[in-house]
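The following questions and answers examine a single predicted model. Each answer works towards the value or name requested.

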Amino acid sequence: MSIPLYWINRLHAGEVLCAFMMAFAIAYKLHYSKIVRNEYYGYPDEWMPSVSAVIGDRFPERNLFQFMMAAAGFSRLLLVVCSAVFLESSMIFITGFLRTALAGACIYVPSGDCNAFHDLAMILYLAITIYYHIVLLKKLSIKSRSRSKRLLTCLIVTIFPMVLFFTRHKVYKQPGAYSFYAMVEWLLVPLDVMLDYNAFKDLLGYVHLQLISNEKRMI
C-alpha cells in the first residue's frame, strides 16, 4: 500500500508546483506590466508580481491554475484521509480538511474579487498549516520527523519578512516593498509543498517501522 501512496504523494506535489509555475510563466508573458501594478506603484518601481496577482487576476492563467488545483485537490484529500487513518487522529483529519478548504478559498476567491476574504483565508491557511504540522510531528517518531521539522521552521521564519515588507508597502507606501513581499510570498509556495510532501513521506516511514515492530512482537 505504501508504494501507490508514495506515488500519489509525488503526484500531488508535482501537480501543485506545476500549477504555480505554469500560471507564473503565462502571466509573466502576457500581462507582466498589469500584474506587477498595485494600488500605489507599477513598473519599474514594482517588478515582481504577487502570488495573488498571478493566480487570480487574468485569463487564461487564472482559469488554468484553478483547473489544475481542482485536480490536485483529489490527491490532497486522499493524503489527508490516509494520514488521519494511519495515525488514528480525528484532529489530523479536521485540520487537514480545513487546510484544503482554505486553500480553495484563496484560489477560487482571488484578491481581485474580494481582497478582505482572500487575505483572511490566506492568514487562516498559514495558521492552520503550522498547527496541522505541529500536531503531525508530535504523532511521529523522533527519527522520522527531522526534515519536516526543519521545513516547518523555515516556513514560520519566512512569514516574518513577508509581514515586514507588506507593512512597508501598505503603511509606509515604500516603492518596491511589495515586490520584495511578493518574492517572500513565492518562497512560501515550494516550502509549503515540500513540507506536505516530506511530512507524508515521513508518515509512510513511521507506519513501516510500526508494522515491523508489530511483526517482531508477534514472533
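Q: Which pattern does the protein follow, read along the sequence?
A: This is a predicted model, in which local features need pLDDT of at least 70 and side-chain atom pairs count only at pLDDT 80 or more, while totals for chains, interfaces and linings use all residues. Residues are numbered from 1 along each chain as its sequence is written, and side-chain values use heavy atoms, with hydrogens and water left out. Helices (H or I, at least four residues) and strands (E, at least two) are DSSP runs numbered from the N terminus, and the protein has seven helices and zero strands. Read along the sequence, the pattern is α-α-α-α-α-α-α.

Q: What is the radius of gyration of the protein?
A: The radius is taken over C-alpha atoms, and the globule rule is 2.2 Å times the number of residues to the power 0.38. For 219 residues the rule gives 17 Å, and the value for the protein is close to this, so the protein is as compact as a globular protein of that length. The radius of gyration is 19 Å.

Q: What share of the contacts in the protein between residues at least 6 apart in sequence join residues at least 24 apart?
A: A contact means heavy atoms within 4.5 Å. Among contacts between residues at least 6 apart in sequence, the share that joins residues at least 24 apart is 75%.

Q: Which residues does Lys201 touch, not counting residues up to four places away in sequence?
A: Lys201 lies in helix H7 and counts as partly exposed at 35% relative accessibility; the class lies between buried (under 20% relative accessible area) and exposed (over 50%), with a 1.4 Å probe and protein chains only. The C-alpha atoms of Lys201 and Arg10 are separated by 9.4 Å, although these residues are 191 residues apart along the chain. The residues that Lys201 touches are Asn9 and Arg147.

Q: Which elements give two or more residues to the lining of the largest cavity?
A: A cavity is a set of points on a 1 Å grid over the protein atoms alone where a 1.4 Å probe fits but cannot get out, and lining residues have an atom within 4 Å of a point. The count comes to one cavity of 30 Å³ or more, and the largest has a volume of about 40 Å³. Its lining consists of Arg76, Ser83, Tyr132, His133, Leu136, Asp196, Ala199 and Phe200. The elements that give two or more of these residues are helix H3 (61–87), helix H5 (115–139) and helix H7 (177–218).

Q: Where is Pro44 placed?
A: Most peptide bonds are trans. The bond from Tyr43 to Pro44, however, is cis, with omega near 10°. The place of Pro44 is the loop between helix H1 (2–35) and helix H2 (51–56).

Q: Where is Pro60 found?
A: The peptide bond from Phe59 to Pro60 is cis, with omega near 10°. Pro60 is found in the loop between H2 and H3.

Q: Is Glu88 buried or exposed?
A: Phi of Glu88 is near 50°, a positive value in a residue other than glycine. Glu88 is found in the loop between H3 and helix H4 (90–108). With a relative accessible area of 73%, Glu88 is exposed.

Q: What is the relative accessible area of Lys173?
A: Lys173 is found in the loop between helix H6 (146–170) and H7. Phi of Lys173 is near 55°, a positive value in a residue other than glycine. Lys173 is partly exposed, with a relative accessible area of 38%.

Notes
On a 1 Å grid over the protein atoms alone, a cavity is a set of points where a 1.4 Å probe fits but cannot get out, and a pocket is an open set with protein on both sides within 12 Å along at least five of seven lines; lining residues have an atom within 4 Å of a point. Grid points are joined across faces, edges and corners, and a volume is the space filled by probe spheres set on the points.
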